[in-house]
Amino acid sequence: MKDTHKHQGLRNQLVKILEEKGITDKNVLTAIANVPRHLFMDSGFVDFAYQDKAFPIAADQTISQPYTVAFQTELLEVKPHHNVLEIGTGSGYQTAVLIEMEAKVYTIERQKELFKKTKLFLPKIGYNPKKIIFGDGYKGLPENAPFDRIIVTAGAPFVPNPLLAQLKIGGRLVIPVGEDEQIMTLFVRTSEKDFKKHELGKFRFVPMLKKRN
Ligand code: SAH
């Protein structure tokens, strides 16, 4: 499967839809215009890759809706060379968007099948995360902490303390919190002990689960 002018045209239309829905950050929109989302999807769904919808990937997981990816990424305020920790590698689409924005990405996936697939796939299409890890996102990644930014792409029943602890002062954590539906929540670390919390609307994610094969 290739990336063609037709795909680029569809991506430009998708970017327009995201702008209409309220995404304004040009760096986020440019990244979405550049990442070939159709390559991240199982072949049966390729025709739908540039609709603003979530779709099934392997292991009963989903590739997030482009609007959700854009919304979370905009909240994150990623700058070039930021160290970013992502929980929930999944298809690697969000990872690729972050790499397009010149972030150094560390990403954790707890499903072995997805981990293996995405670890091989991302470098093949030119996206090289700093690390792709098979592990439990609830623990974060202490050996590479602190991070400028942390993004969780599965629904977290609560906010894991290690993630807050692994944030730099001035850093931002974007995490959807809740069981059946989630409130998109932004934490900004303002000092060693203090965090500012902002709640930004309802979303639906697959649940963040404990480590498993
Ligand atoms: N960012 C992904 C979204 C995938 S859906 C994308 O763009 O495609 C959420 C992912 O989080 C799933 O792949 C799921 O397996 C993973 N996940 C769930 N619980 C997790 C945990 N505790 N640690 C790491 N990953 C987890």
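**Briefing: the ligand and its surroundings**

Of the 27 residues around the ligand, those that come nearest are Gly88, Ser91, Glu109, Gly137 and Leu209; a residue is near a molecule if one of its heavy atoms lies within 4 Å of it. This is a predicted model, in which local features need pLDDT of at least 70 and side-chain atom pairs count only at pLDDT 80 or more, while totals for chains, interfaces and linings use all residues. Residues are numbered from 1 along each chain as its sequence is written, and side-chain values use heavy atoms, with hydrogens and water left out.

**Polar contacts** (pairs of N or O atoms within 3.5 Å)
- An N or O atom in the side chain of threonine 153 is 3.1 Å from a nitrogen atom of the ligand.
- Glutamate 86 places a polar side-chain atom 3.3 Å from a nitrogen atom of the ligand.
- Arginine 110 has a backbone N or O atom 3.5 Å from a nitrogen atom of the ligand.

**Cover and shell**
- On its own the ligand has 580 Å² of accessible area, and the protein covers 100% of it (Shrake-Rupley method, 1.4 Å probe).
- The shell around the ligand holds 11 nonpolar, 12 polar and four charged residues; Gly counts as polar, and Asp, Glu, Lys and Arg count as charged.

**Aromatic pairs**
- The whole structure has nine aromatic pairs, meaning rings of Phe, Tyr and Trp (its six-membered ring) with centres within 6.5 Å.
- Phenylalanine 40 and tyrosine 93 form one that is edge-to-face (planes over 60 degrees apart), at 5.6 Å centre to centre and 80° between the planes.
- Phenylalanine 40 lies in the loop between α2 (26-34) and β1 (55-56) and tyrosine 93 in helix α4, so this pair ties together parts 53 residues apart in sequence; helices (H or I, at least four residues) and strands (E, at least two) are DSSP runs, numbered from the N terminus.

Notes. A polar contact is a pair of N or O atoms within 3.5 Å; within protein, one must be able to donate a hydrogen and the other to accept it, and residues adjacent in sequence count only if both atoms are side-chain atoms. Rings of Phe, Tyr and Trp (its six-membered ring) pair if their centres lie within 6.5 Å; planes under 30 degrees apart count as stacked, over 60 as edge-to-face and the rest as tilted.
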